[in-house]
Amino acid sequence: MCGICGTYRINGAPAERKTIEAMSATLKHRGPDERGLHLEGPVGLGHARLSVLDLKTGAQPISNEDKRLWITFNGEVFNYIELRNVLKQRGHRFRTESDTEVIVHGYEEFGTDFFAMLNGQWAAAIWDGRRQELLLCRDRVGVCPLYYAYDGTKVVFASEVRALWCEPSVPRELDLRGLAETLTFWTTVAPQTMYKGVCELPPGHWICFGPTTVTEGTYWRLCFPPNDYDDAGTADEYAAELREILLEATRLRFTRSDVPVAAYLSGGIDSSVTAALIQNFTNSELKTFSLRFGDEEFDEGGFQEQMVRRLGTDHTSITVNHRDIAEAFPLVVRHAEKPLLRTAAAPMFLLSKLVQDSGFKVVVTGEGSDEMLGGYDIFREAVVRAFIARHPHSGRRKEIIQSLYPWLQRNPTAAPAFARRFFSQALDGKDLALSHRPRWQSAVAISRMLNEDVRHEIEKYDVAEEFLDRMPSDARSWHPLSRAQWIEAGTLLSGYLLSSQGDRMLMAHGVEGRFPFLDPQLIDKAAMLPPRYKVMGLDEKFLLKHAFKDLLPPEILRRPKQPYRAPDAASFFSSPVDWVDDITSEEALKSSGLFNPQAVAHLTAKCRRRKGQGMSNSDNMAVTAVLSTLLLQRHMVEPE
Amino acid sequence: MKKLPKKVVKRRIDEFLAMRRRRDTTSGTVLETALFLEDVFGIELDDTELNVEKLGEGADLTGVVLEKMEGP
């Protein structure tokens, strides 16, 4: 993957070389290997390259045969060989072996319909010199980032927000609506960002800026069948199909690279499956990487070692302690460009550094499996809440919570708080967000830390209902699990998992992630699966486990799902951290204007007293959100 | 609720029971089974039916579903 950027002055004024060069320079961590630039009248395209495919002739920006179309591209098209053959048959001539050139010819041939033919992860800008149009487009689920600012006279775009600010007219100011979304969904949701005047192009979309018009389109959206969809298949039949699709998705992502490809191995089912499948396509020892935690509560080292022994990989791990997270966190927030409610991105940042230091540029990982195949607790909660909602006054039904979360029986102090969270929201079976209401409410509690003016401003936005208005019109006919999957993919998958914890942490060290579970064919097939093959009873990812039971040790197959998490408050308060003290001083908080100094002082005093141990979920999220937002304000928004 | 052939009902229930055996746990059997039957077959069970005799291990789950599908 790479970094892309550019400007288009719609009034015809010439693009400025120094602006494009400055923008590319801010993206050098994304593309340390080469820089490229194309200036053509009012448009300037920039590129910072991470060389992965066609190392010799793949430099960008690149054009079609008559140089009418120019592209700057970030990402990978995994089916570029097949598409190139199709385009050659239609008379297109290629100068390089790169996937990028396929897009420019494909767009020339098929227009925006071509995007639906791509199997890959990408963000691109295409300049059409004859029409004087600049088109921006992005992959289906939002693996690759793309931001833009448009004021009616010019368009500025880039892979990261910081690059946009090389153009002085782009405002550098926090947008409280972005904060409102973060305190609901745990992330902003495109097109909303944390910054005024800056939009994120939504996944599966394109937008085209011409001399007098702006047009937008959607080439793909996640859809599910109605709940009464007549499925005739058996678990064995669906498992065979899943196996075949995932094998091919893994082959494309492992073999289509001109540099060595490694894999992450977390100790969970998803990365274990992808690493095991990779063994089909190499005779060499696979290089794998994993995270370990000094804090035993979060460590999965035992499961990782088990898979390493089974697969015989050349494995390297990094052990992350509280101090490591605290020290990395300011840089992590700077790269994420968003507030974070969890510290889990920080270990991923340290892991990608290990990959870079080990000489690798590409890793295959298991991301996307939980969203597509029903791995998260929130999906099990979706079917449980629907079960309870059918007879809301039945005390008997509520007992199922203890089967969902057996730890509640062992923790009588946490149980009442959990029950309040779980049941306080009306259990309306017709509610489109039946699954997500408790989560959305949990983050709203952080707003108690805000100063009064900011809180009042944020309360003006009904971001949850506006988001639900975007759901497809037939969503009411879907199964509750499908609705939960749609919401999860539209919020946390693209906004957080693939972004703050994904692309940003990988590309901070010039490492490209590849995700077989987000292959378009797999996504479409998974969406059509009967919901019972995702969450069967209370068992998550039923079909995945059924399909790959011969590849995984029984201990990994049977282990309860452990969500990837890292220590939050304990990282910042187990021992003094200078920047935490500095940023939460009364003077700094007053100067920030965002938070209520007394409320934050009360929270941080509690954290210090307990050294961050034994904090509630809500306190852990609140302190991480406060610290990350203050860091964002100090390092992103205030002039450097 | 859509009526389904007996063999389809039985197959879906067998897949559920196989999953439970693989998971190697019997805790919460009755409620999880009730959730599964309601979710997959669109039937509804009242509180008096959420018991081991009707939904526990060895119970005739196919019979429960077919009876509900036939109606009173």
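Hi everyone, let me start with what I mean by the labels. Strands are DSSP runs of E with at least two residues, helices are runs of H or I with at least four, and both are numbered from the N terminus. Please also keep in mind that this is a predicted model.

With that in hand, let's go to Lys67(A). Lys67(A) is placed in the loop that runs between β4 and β5 (69-77) of chain A. What is the phi of Lys67(A)? Phi is near 60 degrees there, a positive value in a residue other than glycine. Lys67(A) counts as partly exposed, at 46% relative accessibility.

Glu337(A) tells a related story. Phi is near 60 degrees for Glu337(A), again positive in a residue other than glycine. Glu337(A) sits in the loop between α9 (322-336) and α10 (345-357) of chain A. Is Glu337(A) buried or exposed? Glu337(A) has a relative accessible area of 3%, and the cut-off for buried is under 20%, so Glu337(A) is buried.

While we are on the backbone, let me show you some cis peptide bonds. The bond from Gln60(A) to Pro61(A) is cis, and its omega is near -5 degrees. Pro61(A) belongs to the loop between β3 (43-49) and β4 (62-63) of chain A. Another cis bond leads from Ala190(A) to Pro191(A), with omega near 15 degrees. You will find Pro191(A) in the loop between α5 and β10 (199-200) of chain A.

Take Phe185(A) and Phe467(A). Their ring centres are 5.3 Å apart and their planes are at 55 degrees, so this pair is tilted. Phe185(A) is in helix α5 (residues 176-185) of chain A, while Phe467(A) is in helix α19 (residues 463-468) of chain A, so the pair ties together parts that are 282 residues apart in sequence. Phe185(A) counts as buried at 1% relative accessibility, and Phe467(A) counts as buried at 3%.

The next pair is Phe293(A) with Tyr564(A). This aromatic pair is tilted too, with 6.4 Å centre to centre and 35 degrees between the planes. Why does this pair tie together parts 271 residues apart in sequence? Phe293(A) lies in strand β14 (residues 287-293) of chain A, whereas Tyr564(A) lies in the loop between α23 (554-558) and α24 (569-573) of chain A, so the pair joins those parts. Phe293(A) is buried, with a relative accessible area of 7%, but Tyr564(A) is partly exposed, with 26%.

There is also an aromatic cluster, made by Tyr107(A), Phe115(A), Trp122(A) and Tyr219(A). Arg439(A) lies over the face of Trp186(A), 4.9 Å from the ring centre. Arg532(A) has its charged end over the ring of Tyr533(A), at 4.5 Å from the centre.

Let me pick out two buried residues in helices. Arg253(A) is in helix α6 (residues 235-255) of chain A, and at 2% relative accessibility Arg253(A) counts as buried. Which residues does Arg253(A) contact, leaving aside its neighbours within four places in sequence? Among them are Phe78(A), Asn119(A), Val364(A), Arg514(A) and Asp519(A).

Ser628(A) is part of helix α28 (residues 617-637) of chain A, and Ser628(A) is buried, with a relative accessible area of 0%. Setting aside neighbours within four places in sequence, Ser628(A) contacts Phe329(A), Val333(A), Pro339(A) and Leu340(A).

Finally, let's cross over to chain B. The axes of helix α12 (residues 377-390) of chain A and helix α2 (residues 29-41) of chain B come within 10 Å, crossing at roughly 85 degrees. That makes α12(A) roughly perpendicular to α2(B). From α12(A), Val383(A), Val384(A), Phe387(A) and Arg390(A) meet Leu31(B), Ala34(B), Leu35(B), Glu38(B) and Asp39(B) of α2(B). The residues of this contact divide into six nonpolar, no polar and three charged.

Note on methods. Residues are numbered from 1 along each chain as its sequence is written. Chains are lettered from A and ligands numbered from 1 in the order in which they are written. This is a predicted model: local features need pLDDT of at least 70, side-chain atom pairs count only at pLDDT 80 or more; totals for chains, interfaces and linings use all residues. Side-chain values use heavy atoms; hydrogens and water are left out. Axes are lines fitted to C-alpha atoms, for helices over the stretch in contact, and angles run from 0 to 180 degrees between N-to-C directions. Angles under 35 degrees count as roughly parallel, over 145 as roughly antiparallel, 65 to 115 as roughly perpendicular and the rest as oblique. Contact means heavy atoms within 4.5 Å. Ala, Val, Leu, Ile, Met, Phe, Trp, Tyr, Cys and Pro count as nonpolar, Asp, Glu, Lys and Arg as charged, and the others, Gly among them, as polar. Rings of Phe, Tyr and Trp (its six-membered ring) pair if their centres lie within 6.5 Å; planes under 30 degrees apart count as stacked, over 60 as edge-to-face and the rest as tilted. Buried means under 20% relative accessible area, exposed over 50%, partly exposed in between (1.4 Å probe, protein chains only). A charge sits over a ring if NZ of Lys or CZ of Arg is within 6 Å of the ring centre and within 35 degrees of the ring normal.
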